[in-house]
Amino acid sequence: MKGIVKAVCTSPVKGQKQDVQKAFLKKEWGIEGDAHANTWHRQVSLLSYDKVKSFNDDGAGVSHGDFGENLVVEGIDFRALPVGTLLKCGNAVLEVTQIGKECHVRCGIFYKMGDCIMPREGVFARVLEEGHVGVDDIMEVMPAKNTEFTAIAVTLSDKGAAGQREDESGKVVVEMLANAGYKMADAILLPDDQKQIQDTLITLSDLRQINLIVTTGGTGFSKRDVTPEATLAVAGRIAPGIAEAIRNHSLSITGRAMLSRGVAVLRGDSLIVNLPGSPKAVREILEYILPHLQHGLEVLTNKTNECGGN
């Protein structure tokens, strides 16, 4: 599949952008001079020209860049692409990292039309190979590699989020999952706030399509420990065997494991597993469950139909 670049938009401040016709895509950064460029997963935003045109046909009257998008491309339905899809434009190569976005504040476009296409039609990408991109350039869609599962560590800690405690357990998760062959996304540190946890888990599973989401912390008896409740609230299905196995294994080490309320659930193609906040416990549990999670994810994502085996 190929498309044609119709606009290249940038802005030195976040918000609406202006069509500058041509720009430089910097590796692992984004468009030079654009406010959204950074070392994160949303370096470049893209919209389908065809979806913008259809929206304007209904009377929206928006110009390129009004949604805050960087690249407008005709002939490619970005919303239909899976995370991991590669987009090649000249020497530059982008990797799709997120489908859609959450708008926490309604924009002028929404108030005028009662709708905004960016939350559902916009996609985000990181720059794998740098190069110039300009109007009338050809953009080619290349299949996602799908050679490895993606994973992320989400640490829930009021003190950690406030900068009063270093996130040691999250570091253990990142280290062990990376060594196990998972493609790691940037780790996240959040306070023990149930709504914020739920919103983050939804974004990670639905928009970023992360395969394995491992949380640490917030699984005990404290009134601020709400990780299991937040996880169950976003679950499509539960995976009780994982949580049961974790507690059973941990009880062979310490009787206090019976006080852990962690759960494991499935949402779409994502597996979410709650672990305690102790770095020692995290390491012991991951050593025990990691050899078995790979097969579960293969079944979940239709990479194998076999549920048997040892």
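Which order do the strands of the open three-stranded sheet have, and is the pairing parallel or antiparallel? I began my notebook with this one, keeping in mind that the model is predicted.

**Entry one: the sheet.** I read the order as β4-β3-β10, and the pairing is antiparallel. At the edges I found β4 (30-31) and β10 (131-134), each of which pairs on one side only. A reminder to myself: strands of a sheet pair through backbone hydrogen bonds.

**Entry two: β3 with β10.** I then looked at how β3, residues 22-26, meets β10. The two run antiparallel and are joined over four bridges. For a handy place to look, I picked alanine 23, which stands opposite valine 133 in β10.

Next I moved to helix α8 (residues 240-251), where serine 250 sits. Is serine 250 buried or exposed? Its relative accessible area is 14%, so I noted serine 250 as buried, given that the cut-off is under 20%. Leaving out residues up to four places away in sequence, I listed Ala257 and Ile285 as the contacts of serine 250.

My last stop was the segment after α9 (279-300), which holds threonine 304. Here the relative accessible area is 19%, so threonine 304 also goes down as buried, again because buried means under 20%. Which residues does threonine 304 touch, not counting those up to four places away in sequence? I wrote down His295, Glu298 and Val299.

How values were computed
Residues numbered from 1 in each chain as written. Predicted model: local features only at pLDDT ≥ 70, side-chain atom pairs only at ≥ 80, totals over all residues. Heavy atoms only, no water. Buried < 20%, exposed > 50% of the residue type's maximum accessible area, 1.4 Å probe, protein only. Contact = heavy atoms within 4.5 Å. Pairing = 2+ DSSP bridges.
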